[in-house]
There are 2 protein chains.
Amino acid sequence: MTATHPFDSAIALQPQGEGGWQGRTHPAYANMIGPYGGITAAQVLNAVLRHPDRLGEPLALTINYAAAVADGDFELRPRAARTNRSTQHWTVDMVQAGQVVVTATVVTAVRRDTWGGHEAAMPPVPRPLDTPRTPRQGVEWLHRYEMRFLEGRIPAKWEGQTSAGSLTRLWLRDDPPRPLDFASLAAMADIFFPRVWLRRATFVPIGTVSMTVYFHADAVQLAAAGTGFLLAQAQGQGFAGGFFDHTGQLWDEAGALLATTHQVVYYRE
Amino acid sequence: MTATHPFDSAIALQPQGEGGWQGRTHPAYANMIGPYGGITAAQVLNAVLRHPDRLGEPLALTINYAAAVADGDFELRPRAARTNRSTQHWTVDMVQAGQVVVTATVVTAVRRDTWGGHEAAMPPVPRPLDTPRTPRQGVEWLHRYEMRFLEGRIPAKWEGQTSAGSLTRLWLRDDPPRPLDFASLAAMADIFFPRVWLRRATFVPIGTVSMTVYFHADAVQLAAAGTGFLLAQAQGQGFAGGFFDHTGQLWDEAGALLATTHQVVYYRE
């Protein structure tokens with residue numbers, strides 16, 4: 001008997017008719033309040049991935065966290081707003097108790113054989129197995145990932161000292177390991193603890209407002225990454241008025257760029 | 001008599017009932033086929049800005065260009081999917097002849113007085129008035145902006161030589177000058193000619209698929225920028241399978257970060 005990976009259990013959806021799905025939050029990915037935002041992104045993407053009308057593979061995902069997702073059931077309502085020859089434009093609402101808790105747009109596309117050459121090169125870093133695993137404690141979802149921080153780890157002392165930079169680099173994979181796919185890559189794009197904590201060494205309440213992921217690999221390339229580590233990198237840009245953003249990249253062990261990602265995050269004080 | 005600025009004419013909307021709007025493409029912002037994508041973004045944002053139920057100011061905009069916008073009338077259908085105490089989540093469809101041509105999400109928010117400190121610093125560059133204006137020829141919308149390129153200008157010779165980098169920096173403002181606001185800032189976020197042209201010095205057909213803008217300033221700060229120049233910077237990240245992305249920033253002359261932006265673009269061959 002093969003046990004189902006908790007990630008697959010967490011993104012499982014039941015068809016509801018008219019292209020809609022029902023899902024349920026999973027305790028293995030619980031955050032401080034409600035679920036880890038990355039697992040919500042994976043659930044939203046899965047509503048499109050599993051849709052019978054889907055054309056091509058994910059190219060772009062924007063997810064807006066409109067309200068806290070409550071533990072329990074949710075509905076996903078994907079709509080193919082426009083289907084072209086090689087691209088398809090989706091909107092997705094996540095609904096709980098009749099209220100929208102997430103809005104999202106997804107673009108899927110048929111990739112073609114073209115000139116290519118990634119410009120965002122993986123920085124020179126030690127290999128994952130030469131980097132010790134970083135112990136992470138706290139909320140449940142942290143235990144679903146193996147993290148090996150290289151730079152910009154979460155402050156050891158919360159002494160309120162401001163730092164100029166918020167660059168974080170870590171090696172990352174599912175724990176237990178699971179072959180990479182679009183859903184798990186979308187989830188990993190939200191792996192970064194809030195940059196404002198790194199800048200300030202102050203534990204202020206935060207919440208991601210909106211995240212965008214651009215996918216730069218096809219399913220074959222993701223499968224080739226297998227259960228290997230990804231190098232995940234993020235750095236903050238603007239911090240003012242209760243909101244900051246970061247920009248980030250994810251590479252496979254061989255150095256291939258798999259995704260770029262950005263998010264804007266609410267913070268208090 | 002004061003003449004209306006072409007930008008204001010281009011983003012003008014007529015109420016249609018139920019929160020919907022009618023607009024019309026404007027010849028002053030014509031691109032090769034249909035309108036400049038930046039003016040479409042400004043029109044979409046304006047549908048939210050002018051909505052009587054709007055809470056706060058723009059924080060995040062994602063616009064997906066689902067199909068070519070045809071010259072002529074369009075409808076904008078904004079929906080306040082969720083309204084919280086200090087944030088509001090909008091979806092917007094642009095429709096022509098009963099077909100969705102654009103999907104978008106907009107987050108508006110009430111900014112608060114918090115700790116702040118932008119991390120994405122303006123690079124050291126010559127002042128705009130010490131930088132000669134760059135002649136731009138071709139499609140009509142190019143004449144609506146004064147551009148003073150510092151780095152990464154459009155290839156003078158299309159000789160198909162591949163370059164490793166696609167960093168562009170330019171000073172930018174409306175022509176004729178117009179005081180900066182959220183709508184014009186959204187439009188300027190799409191100012192960058194396609195990075196793939198810079199990398200390859202080859203004129204391949206392209207089209208923006210999705211653009212996200214995060215706003216890092218409030219209306220008072222935008223008003224303070226007035227009719228001054230903005231420094232606009234962008235650099236490509238991933239290029240493969242017929243799609244590339246770039247990440248960019250816009251600062252005012254004083255060096256304040258006003259917006260960060262990302263987009264993913266289709267290219268042929």
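Which residues is B:Asp93 in contact with, leaving aside its neighbours within four places in sequence? I looked this up first.

**Ground rules.** I am working from a predicted model, where local features need pLDDT of at least 70, side-chain atom pairs count only at pLDDT 80 or more, and totals for chains, interfaces and linings use all residues. Residues are numbered from 1 along each chain as its sequence is written, while chains are lettered from A and ligands numbered from 1 in the order in which they are written.

**B:Asp93.** I found contacts with A:Ala81, B:Arg77, B:Val100, B:Val102 and B:Thr103. Contact means that the C-beta atoms of two residues, placed from the backbone, lie within 7 Å. B:Asp93 sits in strand β5 (residues 87-96) of chain B. Strands here are DSSP runs of E with at least two residues, helices are runs of H or I with at least four, and both are numbered from the N terminus. I noted B:Asp93 as buried because it has 22 C-beta neighbours inside 10 Å. The cut-offs are 20 or more other C-beta atoms within 10 Å for buried, 12 or fewer for exposed, and in between for partly exposed, with C-beta atoms placed from the backbone. I also checked B:His262: it is 169 residues from B:Asp93 in sequence, and their C-alpha atoms are 20 Å apart.

**B:Gly207.** I placed this residue in strand β9 (residues 206-215) of chain B. B:Gly207 counts as partly exposed because it has 18 C-beta neighbours inside 10 Å. Not counting residues up to four places away in sequence, B:Gly207 touches B:Tyr65, B:Val265 and B:Tyr266. B:Gly255 is 48 residues away along the chain, and 31 Å separates the two C-alpha atoms.

I traced β1 (residues 14-17) and β2 (residues 20-24), which run antiparallel and are joined by three bridges. Pairing requires that DSSP finds at least two bridges between two strands. B:Gly17 has B:Gly20 in β2(B) as its bridge partner. Two residues lie between the strands of this hairpin, and B:Glu18 in the turn has a positive phi of about 55°.

**Helix α2 of chain B.** I compared span with expectation for residues 37-49. The expected span is 1.5 Å times one less than the number of residues. For 13 residues that gives 18 Å, and the end C-alpha atoms are 18 Å apart, so the two agree. In α2(B), 13 of 13 residues are buried.

**Chain A against chain B.** How many residues does the contact take from each chain? I read 55 residues from chain A and 55 residues from chain B. On the side of chain A that touches chain B, strand β10 (residues 230-240) of chain A gives the most, with six residues.
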